[in-house]
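Take a look at the model below. The text then walks through some side chains and ring pairs.

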Amino acid sequence: EQHSPVLSAIQSTPSGDGLIAHFPFSGNAGDVSGHENNGTVRGAVLSTDRLGDANSSYLFNGSSHDIAIGDNHFPTGNAARTIAGWVKADANSTGDNSILFYGRQGSAQGLRLDINGDGQLEASNYGTLELDGNRTLKDGLWHHVAYSYDGSGSARLYVDGQLEANATGWVMNTNGRSAGDYHVLVTNGAGTQISSGLATVTVI
């Protein structure tokens, strides 16, 4: 059985003070923020979350399953943003386990948050910048993870409320996807198990 990342909330507005997407995964992948970033579940199945609630997270197969979500009001360019959520990664997981990707699959034009092959939380701009945590998350336990960027060059990663890594001189150039281009995805890529009952993306 394989679990994968599950997103339940995304926050971001042009003014930087509002929720742009929220996915409580209460039986579906609908966005309840009012921005209509509803998810299309592609293969993943509902599962139990970290609190033991049924049908409140999603289970992925580690290869072909994902959830494609809308990107209305998602932060682009060098705008500030925060992504946070709960994940559970199998100790036997291999390869990178993507939690969220959006933007374009062009050099430095996207934003990816994942658990890398060494089990560390990792954020990248899909090209030139990469920020890695220190501890392994591939231990079969629930962890709260967060990536925060202030729009002024400072990026941080947190695990279970503790600062894992920080970087200065970080510049984002996230571009919106073109029609028919790469979707915003919630998935675990090549990994074997990631599960999440709650995730938020916030623009601050």
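In which strand does Arg 112 lie? Arg 112 sits in strand β9, residues 110–115. Strands are DSSP runs (E, at least two residues), numbered from the N terminus. This is a predicted model: local features need pLDDT of at least 70, side-chain atom pairs count only at pLDDT 80 or more, and totals for chains, interfaces and linings use all residues. Residues are numbered from 1 along each chain as its sequence is written, and side-chain values use heavy atoms, leaving out hydrogens and water.

Arg 112 counts as buried, because its relative accessibility is 18%. Buried means under 20% relative accessible area, exposed over 50%, partly exposed in between (1.4 Å probe, protein chains only). The side chain of Arg 112 makes a polar contact of 2.7 Å with that of Ser 98. Another, of 3.1 Å, joins it to the side chain of Asp 114. A polar contact is a pair of N or O atoms within 3.5 Å; within protein, one must be able to donate a hydrogen and the other to accept it, and residues adjacent in sequence count only if both atoms are side-chain atoms.

Now the rings. The structure holds four aromatic pairs. Rings of Phe, Tyr and Trp (its six-membered ring) pair if their centres lie within 6.5 Å; planes under 30 degrees apart count as stacked, over 60 as edge-to-face and the rest as tilted. One of the pairs is Phe 25 with Tyr 58, edge-to-face at 5.1 Å centre to centre and 80 degrees between the planes. Both Phe 25 and Tyr 58 are buried.

Terms used: Helices (H or I, at least four residues) and strands (E, at least two) are DSSP runs, numbered from the N terminus.
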